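Subject: Structure for your files

Hello,

Please find the structure below, with the sequence. My notes on it follow.

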Amino acid sequence: MQPVSPLPIPAKRALRKLGQDMRDARKRRRIPMELMAERARISRSTLTKVEKGDESVALGIYASVLFALGLVGGLGNLADPATDTVGRSIEERNLPERVRLAGTRPKKAHPKASTGGSDD
């Protein structure tokens, strides 16, 4: 009996797709598995796991294979604030209504002093 994975199904699918894309990139470059494993400084069996999208493989290993493929640049943009639509939406809802310079306070209204006379 296999243990139940805590990884959500969409995340599993994304890892599987990443692994398949990495395998396809290796094949497009005509790099044999043995050579790719050597370039990524991992074993061939670990490369097989990566290309299957195995969730037990450390993220650093995926990064190492991406580097060996010349694709590591995209890894740094995965959680880029420019593409974080949910975060930006939340941020926009929480914008302040007013913005004041630091150290300035709103002026308090001074109550009119009573002169004791009539309002003429």
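Of the contacts in the chain with a separation of 6 or more, 46% are between residues 24 or more positions apart. Please keep in mind that this is a predicted model.

Overall make-up. The chain has five helices and zero strands, and the order from the N terminus is α-α-α-α-α. Of its 120 residues, 18% are buried. The accessible surface is about 10300 Å², and carbon and sulfur atoms account for 55% of that area.

The core. The largest nonpolar core consists of 16 residues, and M22, M36, I42, L47, V50, V65 and L69 have the most contacts inside it. Two or more residues each come from helix 1, helix 2 (33-40), helix 3 (44-52) and helix 4. Helix 4 gives the largest share, five residues.

V65. This residue sits in helix 4, which spans residues 59-69. V65 counts as buried because its relative accessible area is 2%, under the 20% cut-off. With neighbours within four places in sequence left aside, its contacts are M22, M36, A40, I42, L47 and V50. M22, M36, I42, L47 and V50 from that list are also among the residues with the most contacts inside the core. The C-alpha atoms of V65 and E51 are 9.6 Å apart, for a sequence distance of 14 residues.

R26. Helix 1, where R26 lies, covers residues 9-28. A polar atom of the R26 side chain is 3.0 Å from the backbone oxygen of I31. Beyond neighbours within four places in sequence, R26 is in contact with I31, P32, M33, M36, L47, E51 and L69. Among these partners, M36, L47 and L69 belong to the residues with the most contacts inside the nonpolar core.

Regards

Definitions and conventions
Residues numbered from 1 in each chain as written. Predicted model: local features only at pLDDT ≥ 70, side-chain atom pairs only at ≥ 80, totals over all residues. Heavy atoms only, no water. Helix = DSSP H or I, 4+ residues; strand = E, 2+ residues; numbered from the N terminus. Buried < 20%, exposed > 50% of the residue type's maximum accessible area, 1.4 Å probe, protein only. Contact = heavy atoms within 4.5 Å. Polar contact = N/O pair within 3.5 Å; in protein donor to acceptor, adjacent residues only side chain to side chain. Areas by Shrake-Rupley, 256 points an atom, 1.4 Å probe, with all protein chains shown as cover. Core = buried A, V, L, I, M, F, W, Y, C linked by side-chain atoms within 4.5 Å.
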